[in-house]
Amino acid sequence: MVKNIKKVKHVIVSFIVLIAIWQLVFITGEYNEALFPSSISVGKAFIEMFTQNYVILDIWSSLYRFLIGYLSAVISAILLGLFLGWFPKVFAYVNPIFQLIRPISPMAWLPFIVLWFGIGDMPAIVIIFIAAFFPVLLTTISAVGNVDKTYLKVAKNFGIKRLSVIFKIVFPAAFPQIATSLHLALGSAWVFLVAGEMSGAQSGLGYLIIDARNSLRTDLLMGTILLIGIIGFTLDSIIKFIELLILKNWGVKPGDRR
Amino acid sequence: MYIEINNLSKSFVQKEGDFKALQNISLHINQGEFISLLGPSGCGKSTLLNIVAGFEKADSGSVSIDGIEVTAPSSKYVTIFQNYGLLPWRNVIKNVELGLETIIKSKLERNKIAKKYVELVGLEEFEKRHPHELSGGMQQRVSIARALAVNPDIIYMDEPFGALDNMTRYKMQNDIYRIAKSQQKTVIFVTHDIEEAVYLSDRIVIMSSNPGEIKKIIKVELPSDRDRTSEEFVDIRGKVFEAFNMKIDKNVEYMI
């Protein structure tokens, strides 16, 4: 409880200082409001965004794309990761391909994605998928390899069938490591959501950025940027909370990892 | 004979050439017997246990139980490991149920059996706890309960109390002795603790290392209420010490 109060204190103080510095720079610098919005005008823009309702719809369409892309990436990465982790000989052949694709920014695929999937929701979804897929996949594969051999011996001893071993023993044993990658993948997927929506989408937070730019509203632009940060921060906190809740049952304390 | 180990050999390839973990091991074990494999680290006692349990293959020789050759692990013969092998995401009762899941369909029935064995090892108050919330001794009790739950004929124990402190060890030894006798289990128990071997065993198989061979078999003829301080106990302990001191002088750890 005391720890939580302290945490809230840290958050509040750091934001107040940030806004104060921002405002100070604005006042002393005598910048053009159209180039560098003050914190007050951004605050007003924030109110405008929410009172005129449209931003809620954009948040929803962003979250919708995000969830579809992220969840499908996570599920397929974990399943494929379990398979490839279980058959390291197959992985040895596939791995070079992964290592080739992995360093390519998901954004580099965008022209092809638009050609293959058209515009609308798909580009953002596919880009999020690519962004989240590889970290989860590669972590799952290595986590499966790291599963305590004693568990596998126990499973063998009790005659547990192969497929059951994977879902009953290997997946839960690898889960703490996988959970870390889910967390990291969520962060990078959120980063790429905005990038994906900035090209071709007709709604969403990334689209709002483009829209604000086109109408030369730097206050709305900055407001949207902040909103993206706030939602990303919230999503991160939620998954952190879920992670802790689940890992408590594994006996993994938060300090044990990373 | 119940367990027949015939001419078992196994080597591992190492940088400095082949390491003979086991060489021509033959051993016959009766049903209900408590056998200890005693020896310094690297004498192949764990390898021998792993082969007998079906986890590893020997280079030559054979193991048969009740006339049937061992080729793979089976829940009729359950191994208990030094690091317990409990699944950290399952609570005590769910861990004990693990082995039953392939044998018994009914959830209720599984739960009933698991409860019975959790009680047998004295952990009924902790059945909803997860392994990380238990002490080492309690965790090992859970794995003993899990092994017993599938009603195996034989229990293999690979230095099961190696990670426990002395007092807990004594208590666990008392318990496993009582359980093995009352449940009429055949036990092969790997240890490097002489006193532990004397306290628990009907026969102690003393092994030497590189090549891993059976050096001597000592029969422990003590009453079932064994007293670690009695003259007879100390006497047999002395015999074991003697067996180690006779030839191997590199194993200083066993000299007084």
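In the hairpin formed by β4(B) and β5(B), 2 residues lie between the strands, and B:Asp66 adopts a positive phi near 55°. This value, like every other given here, belongs to a predicted model.

In general, the strands of a sheet pair through backbone hydrogen bonds, in either a parallel or an antiparallel arrangement.

Chain B also contains an open sheet of 6 strands, with mixed pairing and the order β6-β7-β8-β3-β9-β10. Its edge strands are β6 (77-80) and β10 (213-219) of chain B, each of which pairs on one side only. From one strand to the next, the twist averages 20°. Within this order, β3 (residues 34-38) and β8 (residues 186-191) of chain B pair in the parallel sense over 5 bridges. At this pairing, B:Ile35 stands opposite B:Ile188 in β8(B).

A helix accompanies these strands. Helix α1 (residues 45-52) of chain B lies across β3, β7 (154-158), β8 and β9 (203-208) of chain B. Relative to β8(B), helix α1 of chain B runs at about 150°.

Chain A is built from other elements: it has 10 helices and 0 strands. Read along the sequence, its pattern is accordingly α-α-α-α-α-α-α-α-α-α. The C-alpha trace of chain A spans about 75 × 55 × 30 Å along its principal axes.

The unreviewed UniProt entry lists residues 12-29, 67-88, 100-119, 125-144, 165-184 and 220-242 of chain A under "transmembrane region". Two of these spans may be examined in the model. Residues 12-29 of chain A are 100% helix and 0% strand, with the end C-alpha atoms 25 Å apart. Residues 220-242 of chain A are likewise 100% helix and 0% strand, and their end C-alpha atoms lie 33 Å apart.

One helix pair of chain A illustrates how such elements meet. The axes of α8 (residues 162-197) and α9 (residues 205-214) of chain A come within 6 Å and cross at roughly 50°. The two helices, α8(A) and α9(A), are therefore oblique to each other. The crossing in which α8(A) passes α9(A) is right-handed. On the α8(A) side, the contact involves A:Leu193, A:Val194, A:Ala195, A:Gly196 and A:Glu197, which meet A:Leu205, A:Gly206, A:Tyr207 and A:Ile209 in α9(A). By residue class, this contact of α8(A) with α9(A) comprises 6 nonpolar, 2 polar and 1 charged.

It remains to consider where the two chains meet. The contact draws 13 residues from chain A and 19 residues from chain B. On the side of chain A that touches chain B, α7 (149-157) and α10 (218-250) of chain A each supply at least two residues. The largest share of that side, 6 residues, comes from α7(A). The residues of the side of chain A that touches chain B divide into 6 nonpolar, 5 polar and 2 charged.

Conventions:
Residues numbered from 1 in each chain as written. Chains lettered and ligands numbered in written order. Predicted model: local features only at pLDDT ≥ 70, side-chain atom pairs only at ≥ 80, totals over all residues. Pairing = 2+ DSSP bridges. Helix = DSSP H or I, 4+ residues; strand = E, 2+ residues; numbered from the N terminus. Axes fitted to C-alpha atoms, helices over the stretch in contact; angles between N-to-C directions. Contact = placed C-beta atoms within 7 Å. UniProt positions renumbered as here; feature names shortened; annotations may be inferred. Parallel < 35°, antiparallel > 145°, perpendicular 65-115°, else oblique. Left-handed = near helix turned anticlockwise from the far one by under 90°. Nonpolar A, V, L, I, M, F, W, Y, C, P; charged D, E, K, R; others polar.
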